[in-house]
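I opened the notebook for a friendly look around this model. Here is what I looked up, entry by entry.

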Amino acid sequence: MEFCFVTNPIQVSSKLRILLIRMFGGKIDKNVIMRPRVRIKFPWNLEIGNNCWIGEGVWIHNQDKVYIGNNTVISQEAFITTGSHDHYKTMDLITKPVRIGSGVWITSRAMILLGVSIADNAIITPNSVVHRNIEKAGIYCGNPAVLIKERKITD
């Protein structure tokens, strides 16, 4: 099912992909575009707000909840994960939800790790790794991602 309708590189309609994700319990609001090759581990753990764009090859490995606010862009081949392992003791699976605010831009190949909350209007630059909470209206870069500049958001 996933290959035929969700990750298929042939241009299957974004509306069809979204319909199938909704059928499996995903909550996706209006005007969401989901490009080809998007991977979603557990659709029922996904919630996306209005007017979002999920780029080609994005991988949402959501063993726990992933919340994406309104007017947010997740660019090509970004990776969002809610799981890891207790590498200090038992190697048991650990999961924590990820929250991505409204007006956020997660750029190409950025990696968002479990338990992270990204506040509204933040930008995560290409290839950055986010493993701590991100404040609103900042541009973050690197591994680990650090604030490099404030954004001036006008209403």
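**Entry: ground rules.** I call a residue buried under 20% relative accessible area, exposed over 50%, and partly exposed in between (1.4 Å probe, protein chains only). The model is predicted, so I kept local features to pLDDT of at least 70 and side-chain atom pairs to pLDDT 80 or more, while totals for chains, interfaces and linings use all residues. Residues are numbered from 1 along each chain as its sequence is written, and side-chain values use heavy atoms, with hydrogens and water left out.

**Entry: cysteines.** I looked up cysteine 141 and found it partly exposed, at 32% relative accessible area. Cysteine 52 is buried, at 2%. I then searched for disulfides, meaning pairs of cysteine sulfur atoms within 2.5 Å, and the count came to 0.

**Entry: the sheet.** I took helices (H or I, at least four residues) and strands (E, at least two) as DSSP runs, numbered from the N terminus. Two strands pair if DSSP finds at least two bridges between them. In which order do the strands of the open sheet run? I read S1-S4-S7-S12-S15, 5 strands with parallel pairing. Strand S1 (27-28) and strand S15 (117-118) stand at the edges with a single partner strand each, so one side of each has no neighbour in the sheet. I also checked S4 (residues 46-48) against S7 (residues 66-68): they pair in the parallel sense over 3 bridges. Leucine 46 stands opposite valine 66 in S7.

**Entry: salt bridges.** My criterion was a side-chain nitrogen of Lys or Arg within 4 Å of a carboxyl oxygen of Asp or Glu. How many did the whole structure hold? The search found 3.

- Arginine 37 forms a salt bridge with glutamate 56, with the closest N and O atoms 3.3 Å apart. Arginine 37 is in the loop between strand S2 (33-34) and strand S3 (39-40), and glutamate 56 in the loop between strand S5 (53-54) and strand S6 (59-61), 19 residues apart.
- Glutamate 77 meets arginine 37 in a salt bridge at 3.7 Å, N to O. Glutamate 77 lies in the loop between strand S8 (73-74) and strand S9 (79-81) and arginine 37 in the loop between S2 and S3, so this pair ties together parts 40 residues apart in sequence.
- Arginine 109 forms a salt bridge with glutamate 77, the closest N and O atoms being 2.6 Å apart. Arginine 109 lies in the loop between strand S13 (105-106) and strand S14 (111-112), so its pairing with glutamate 77, in the loop between S8 and S9, ties together parts 32 residues apart in sequence.

I noted that shared partners join Arg37, Glu56, Glu77 and Arg109 into one network. Are its members buried or exposed? Arginine 109 is exposed at 52% relative accessibility, whereas arginine 37 is partly exposed at 30%. Glutamate 56 is partly exposed at 28%, and glutamate 77 is partly exposed at 32%.

**Entry: threonine 82.** I found threonine 82 in the loop between S9 and strand S10 (83-85). Threonine 82 is buried, with 0% relative accessible area. A polar atom of its side chain lies 2.7 Å from the backbone nitrogen of aspartate 64. Counting contact as heavy atoms within 4.5 Å, and leaving out residues up to four places away in sequence, I listed partners including Asp64, Val66, Ile94, Pro97 and Leu114.

Methods
A polar contact is a pair of N or O atoms within 3.5 Å; within protein, one must be able to donate a hydrogen and the other to accept it, and residues adjacent in sequence count only if both atoms are side-chain atoms.
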